[in-house]
Every structure is written in C-alpha cells, then in structure tokens.
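Open the model in your viewer and keep the selection tool at hand. The stops below go one by one.

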Amino acid sequence: MRYEDPVFRPPCEAGSLIIQATLGCPHNRCTFCSMYKMKKYRVREVEDIKADLRQARKLYGSIESIFLADGNTVAMNCNKLAEIIEYARYIFPEAKRVSSYGGARFLKGKSPEGLARLKEAGLDIIYFGLESGDDEVLMSVQKGVDSEGMIEAARRVKKAGIALSVYILLGLGGEDHWRQHAENTARVLNAMNPDFIRPRTLYLMPGCPLHEDAQSGLFREASGETIMRELEVLLAGLRVGDCLFMSDHISNYIPVYGQLPQDRERMLASVRMALENPEEYLGPRYLTHL
Ligand code: SF4
C-alpha cells in the first residue's frame, strides 16, 4: 500500500480501509488547521488508486468500510471519483460504507447530476467541515465560504441522497465572539438539517496562523467554561430533526451524545453538570498526540 504521510481520517473511520484518492487539501488556507500544510494538493492517477485497492484486497481480505482520503476528495472530477468508488465497490462488495471528506467550497461547484452520480456509484457519507455558521468567524479563519454557501452545499449533498456529517469547531470564535459563533452555528445547522453533527474543540497546533495570533494576543482562546457555554447555547438553539449529535473526538472536554431532538435536555444536563464542576471536567487538555 502506498501512503503519503500524514494521513488523517475521522475517528469513526478508525476501522476502515483508507485509500488516498487525493493528497493534501486544495484549500489549505484555514488559519486554525495544520493538517496538510506540508503537502501540495494533487489528484492521484486513477490506475494507481485501483492498484492500491487490489493490493488491499490481497493484504487484508475482507473489510468493513472504506474512507477515501485526503482532505477534500470531493474536489476531484465527479466522473473520476465515481469510477474509483465503483471500482472499490467491485473489489470489496462486502463494504458497508464508502465515505470521504468534502468541503463546501468544492461541493458548491458540483452539479446535482455529478453528486447523484457519486451516490449511484456508492458514496454513502460526506464529512463536511462547517466549523462555524458565523460569517465573521468564517471570514476571519479564511474558510473560503460564507454561511449561505455552506447551506447551499449541504443541501446539495442531502438532495443527492448522500448522508451529511457536519463538523463544527467549538472555540473558533474565541472569548470575544463565542456567542455569535454558537448562535449562528445553530442557525446554519438548522437550515442544513444534517444526519450527524460532530463537534470538535479548537486545539491550536504550533505552525498554524491562529496559533501565532493566540501567542501574540490577537486571538483570545476560549476557556473551558466558555466552550461549555457555547455548547449550551448551540444545543438550546438546534431545531434539527432525526440527527445524531456525537462528540466523538478527543479534543472535546466532555462526551455529549444523543439523538436530536429527543435527547436535547439530557445533553444540556451533561453540559450544565460540567459547568457546575469545572475543576472535574474543564481542566487543561494535553493533546500532544493530535
Ligand atoms: S480545515 Fe479542511 S478545508 Fe481547511 S485547510 Fe484544513 S483540511 Fe483544508
């Protein structure tokens, strides 16, 4: 198997076969992200990807699911990506799921036919980085898309019948913009009505521009208590239906899981318990392995 480091995947894809269809991220400008800063984005040759899939079959036998890396695989031409997905399905007919990351900047440019083609080929789920629904925050972190663009892209994914899993980034508004970050993120999520909402909590790695801003005092990082207040406002504002809320990431202070809308009060109670016991739940995080 040929991998070009570093390789990232969602925590829930830990058991999946990872195939790099693209390398790096075609945007690579978000100021909070250090994931692919050392990689130049490129699309791998379809024949090389197919060869990896055949080799994986020999090495691993059967597999449960397939994750197509790297950072924004949906930026690929739809026909090429559909060819890869169809081939993956042919080599691994037992696979229960094929998934990839997909950002709004690239999904916005996909036609309904292109997305339908990906669904038909066997793409089940797209992990979508919303991060924030607040336009001021989105612009300041150079996400490259405003909240309307986010909503439009998400609706296209859902319309194609592909499951939508949305990542949001608690703490991205810092101490100064946390409330508008939370309120507008709830607003945008309500308009998207995703299948999954997956919060992560900002953890700045040296080398990313927002880390430098935090060091110089330009960006005031949110405290654990502020993050919990943000989560409280967010959960209280969500009006999505039939959506799983899953804080399945090591960066989060507390695990908050539930089905929306019915588990909202239980999840809010967990958040309030953390706010009442900050010494127990909101201490410093040492995520050096991130
Ligand atoms: S957050 Fe996503 S879109 Fe932004 S630079 Fe990182 S991988 Fe690319």
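Where is D242 found? Select D242 in the loop between α9 and β9 (243-246); helices (H or I, at least four residues) and strands (E, at least two) are DSSP runs, numbered from the N terminus. This is a predicted model, in which local features need pLDDT of at least 70, side-chain atom pairs count only at pLDDT 80 or more, and totals for chains, interfaces and linings use all residues. Residues are numbered from 1 along each chain as its sequence is written, and side-chain values use heavy atoms, without hydrogens and water.

D242 has a positive phi near 55 degrees and is not a glycine. D242 counts as exposed because its relative accessibility is 59% (exposed is over 50% relative accessible area, buried under 20%, partly exposed in between; 1.4 Å probe, protein chains only).

Next select E131, in strand β6 (residues 125-131). E131 also has a positive phi, about 70 degrees, without being a glycine. At 5% relative accessibility, E131 counts as buried. Most residues other than glycine have a negative phi, and most peptide bonds are trans.

For cis bonds, select D5 and P6, where omega is about -5 degrees; P6 is in the segment before β1 (17-20). Then take L260 and P261, also joined by a cis peptide bond, with omega about 10 degrees. P261 lies in the loop between β10 (257-260) and α10 (264-276).

Finish at T226 in helix α9 (residues 224-237). T226 is buried, because its relative accessibility is 8%. Beyond its neighbours within four places in sequence, T226 is in contact (heavy atoms within 4.5 Å) with E175 and W178.
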